[in-house]
Amino acid sequence: MFQLQQLKISFENLASDAWAKIRKLLPIWGFPAILISLGLIFLVIQVAVTAGGASKPAKAYKPEWNRTANEAAGDTEQAVQAAAQPAALSSASSSAVLTIPTTTPVQGSTAVDSVASLSPGSAVPGPNAVFVFKCYGRAHGVGMCMDGVHYRAEAGQDYHQILNYYYTGITLSKIDDSMPVKVKGHDGAVRTMSMHDYLMKLQEEPNDSPMEELKCLYVAARTYVLSCRVRNKHQGYDVCSSGDCCQAFDENKSVANYPNNNAAVEATAGEIMTSEGQPIIAAYCGSCGGHTDNNEDVWGGSPISYLRGKPDSYCAQSPRFVATKEISTGDLSGRVGVGELKLVDLSDRTPGGRVRTAKFVGSSGTKNMTGKALAEMFGFRTPRIEYSFR
Ligand SMILES: [Zn+2]
Ligand SMILES: [Zn+2]
């Protein structure tokens, strides 16, 4: 929409220059004709711009920015995303012959930023073996990794560097923060306020976050509002106040208590990220677990140029990077339901290392399970999973 306004303004300048010249050349009946022509040209431009916006990928993603304050919001987001995936458990019939590398799975290193280092699975050494499953990261793993942002900021990277790392090939553009934004508050009322005032009342990252992290947040949050508008995410307003649906916003926030957040809004005044002239869909997740993924590999649909998978070694510094679950071969065999478990195959993964399909081979058959179902079985929050034996 900001594009449209710019177009409009430059068109009007052009028109007023031309006007003076044309005035001297044309008879009186020529003016209405010219006015009608100008109107038609403008209409064509408007239709072209609108059509361009509508053809942008309208991904059904659920962004939220509440990494630190509200982990539960991340859960919701992941659950919504996961629900869009194919049905959970599917049985495959007889036991196909599987060849899996017989190497021992990697013993849980915490720097699993390489997809190749994730265990592809193995034969089960015996009925007494205990599986130690590990899950790296949480949530969908597309776009910006907020734990990664945090530790990159602490390591001294600046926000442009960080944004350019997680979003491929973006352009940093500027809007005017005095532009009006329609916000639906917690009380259900829709208020029109400036972009600046909206950002000041966001309730996302805490005030003690590193400054470059906060700047990443506000550039992405500002961009996100515009992408909502372009995609018509809501009818009658641009964004709501829910962190699960849009971005956490509180019309009653005591702005004075957040000097660092406020400074980051000012320091990034007007900055947004664009791709092909449109505000990007600034997807992010709590932690990518060592590697983000291409949007289509997690959500399906067409590839979006700036949502490409990237290795990320920074989020591994978080104490919440790895979740672990031990389970005996007997228990796992029982849960999977293929008799005595002989072999586990986790080699079918996304480029970012998330299990697409896990295959279990036992004495009475073979079962395929989606990565999502595998994660749910252990209470994990993402299918970036591997195991070793204890
Ligand atoms: Zn919303
Ligand atoms: Zn990460």
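**View 1. N232 sits in the loop between helix 7 and helix 8 (259–267).** Helices (H or I, at least four residues) and strands (E, at least two) are DSSP runs, numbered from the N terminus. This is a predicted model, where local features need pLDDT of at least 70, side-chain atom pairs count only at pLDDT 80 or more, and totals for chains, interfaces and linings use all residues. Residues are numbered from 1 along each chain as its sequence is written, while chains are lettered from A and ligands numbered from 1 in the order in which they are written. N232 isn't a glycine, yet its phi is positive, near 50 degrees. Most residues other than glycine have a negative phi. N232 counts as exposed because it has 11 C-beta neighbours inside 10 Å. (Buried takes 20 or more other C-beta atoms within 10 Å of a residue's own, exposed 12 or fewer, and partly exposed is in between; C-beta atoms are placed from the backbone.)

**View 2. E276 lies in the loop between strand 8 and strand 9 (278–279).** Here's another non-glycine residue with a positive phi, about 50 degrees. E276 has 11 C-beta neighbours inside 10 Å, so it counts as exposed.

**View 3. The largest nonpolar core has 79 residues.** Such a core is a set of buried Ala, Val, Leu, Ile, Met, Phe, Trp, Tyr and Cys residues joined through C-beta atoms within 7 Å. A220 and V225 have the most contacts inside it. Helix 7 (residues 211–231) gives the largest share, 12 residues. Skipping neighbours within four places in sequence, V225 is in contact (C-beta atoms, placed from the backbone, within 7 Å) with V181, M195, Y198, D238 and V239.

**View 4. Helix 5 (residues 159–166) has Y159, I162, L163 and Y166 buried.** These residues span an arc of only 95 degrees, so they're on the same side of helix 5. (The arc is that of the directions from the helix axis to the C-beta atoms.) Their cover includes strand 4 (144–145), helix 4 (146–154), helix 7 and strand 8 (271–275).

**View 5. In helix 10 (residues 329–336), the buried residues are T329, L332, S333 and V336.** They fall within an arc of 105 degrees, so they line one face of helix 10. Among the elements covering them are strand 3 (130–136), strand 11 (322–328) and strand 12 (341–349). After helix 10 comes G337, with a positive phi near 80 degrees.

Methods:
Two residues are in contact if their C-beta atoms, placed from the backbone, lie within 7 Å.
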